[in-house]
Amino acid sequence: MNANEISPKLNTRFKRIKIVSRIFRGLLGFYVVILILTVVSCLKSGAPKNPEGIAPQSLSYFLQHLCLKPSPMPIHAVLLELIRLGLFIYEIILLNRLFIFFGRGKFFAGENVRCLRLFGWAMVADAFAMFVNALMQHEVILNPSFLTGLFIILISWIADEGRKIQEEQELTV
Amino acid sequence: MNGSQILINVFSVFFGCVFFALFYKKIRSWRLPNSKHTITNPAAKLSSPRLKRIQDCGYLLSIASLTTAVSGALGTLLLIFILIRGGTIFNLPQHRLLEDVMMIAFVLTITLVAWFCHKLFQQYARGDLFSKKVVYYLYEIGCLYVLVAFEKQQLEQYFQFLAAGYPLLQMFPGLFIIFISWIMDEGRKIQEEQELTV
């Protein structure tokens, strides 16, 4: 057997990861399309679809109330929600990039780990913006995304350090 | 202060002392070098400053998560105690058992998440970064996070400080952690197979 040849079992694993990454990317795209369609339909009709069923702190509530005149939200809340919207789009882009890397067979490469870390930071920033927004409206809201973001940052750091250790060991004679 | 409050305080102090004694003993055993648990090379574990940094961080986080798990366990016991004594957790016009049970389940699930976090960080403190156990604990944390999101959804109407949102969107971080654990597992298996291939 040639040493450079990839074994069939290994090939199957790579294929499986590739398929699952594609499915996740498809689901992500589907979610984005649904979100855009919902927002467009709300903007067209000029009224929120489900004002009681959606929490006032959620991004969906903000999107559905953005074009209502007069606006039910104060200006600082609109600014913070716009920042959150930007972070949300950034998270989607990062996730898409991450799934592309996984699909290419890069599991813990440098760019991959960076993607994961940025995703974690975006989650933390989003939770923080939500907290500040609620605080300005004299409410206290705890979002578990803050801890999850920190957890993801930690995992990405561990993966990065593990990769560096392995590289150092490979260079050591 | 009535009798049951004194009993709870005495129980808490006693449990806390026993916990810290066991905890100190356990931590001392982790800090000793163990050649069985290494990433790839036993010698590297002692020499690499990177691994030492991870171990220190894992050690501190394992303490924090164990404290949370113990507090959560005590909280669960306290809630069960209140329920057994005929009290109610929520200040509702009429007593509803379902909501009380849901609250206990919520606290218990968070306790389990903290416990698995402790186990995961314990592995990091030992120097195991991508072992089978690490992947298993990550997977468990992901699954329990999905459960936490579901329970939180049910409790949001009683606790305004919990952030509300769509249930599927709240479950997403848990599903993402499960996915990362799977990728880690596959990466580990691929590396093992590559090491065995001549």
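Trainee: What makes the largest nonpolar core, and which residues have the most contacts inside it?

Mentor: The largest nonpolar core has 50 residues. Those with the most contacts inside it are Phe102(A), Phe151(A), Ile155(A), Leu120(B), Tyr124(B) and Phe176(B). A nonpolar core is a set of buried Ala, Val, Leu, Ile, Met, Phe, Trp, Tyr and Cys residues joined through side-chain atoms within 4.5 Å. Buried means under 20% relative accessible area, exposed over 50%, and partly exposed in between, with a 1.4 Å probe and protein chains only.

Trainee: Which elements give two or more residues to this core?

Mentor: From chain A, helix H1 (8-45), helix H3 (75-103), helix H4 (110-136) and helix H5 (145-171). From chain B, helix H3 (49-84), H4, H5 and helix H6 (167-196). H4(B) gives the most, with 10 residues. Helices here are DSSP runs of H or I with at least four residues, strands are E runs of at least two, and both are numbered from the N terminus.

Trainee: What is the basis of all this?

Mentor: This is a predicted model: local features need pLDDT of at least 70, side-chain atom pairs count only at pLDDT 80 or more, and totals for chains, interfaces and linings use all residues. Residues are numbered from 1 along each chain as its sequence is written, chains are lettered from A and ligands numbered from 1 in the order in which they are written, and side-chain values use heavy atoms, with hydrogens and water left out.

Trainee: Why are H4(B) and H5(B) called roughly antiparallel?

Mentor: Helix H4 (residues 97-126) and helix H5 (residues 132-155) of chain B pack at about 160°, with axes 9 Å apart. Axes are lines fitted to C-alpha atoms, for helices over the stretch in contact, and angles run from 0 to 180 degrees between N-to-C directions. Under 35 degrees counts as roughly parallel, over 145 as roughly antiparallel, 65 to 115 as roughly perpendicular, and the rest as oblique. H4(B) and H5(B) are therefore roughly antiparallel.

Trainee: Which other helix pairs are roughly antiparallel?

Mentor: H3(A) and H4(A) pack at about 160°, axes 9 Å apart, and are therefore roughly antiparallel. H3(B) and H4(B) also pack at about 160°, with axes 7 Å apart. H3(B) and H4(B) are therefore roughly antiparallel too.

Trainee: What is the class make-up of the contact of H3(B) with H4(B)?

Mentor: The residues divide into 20 nonpolar, 11 polar and 2 charged. Ala, Val, Leu, Ile, Met, Phe, Trp, Tyr, Cys and Pro count as nonpolar, Asp, Glu, Lys and Arg as charged, and the others, Gly among them, as polar.

Trainee: Why is Glu167(A) called partly exposed?

Mentor: Glu167(A) lies in helix H5 of chain A. Its relative accessibility is 39%, so Glu167(A) counts as partly exposed.
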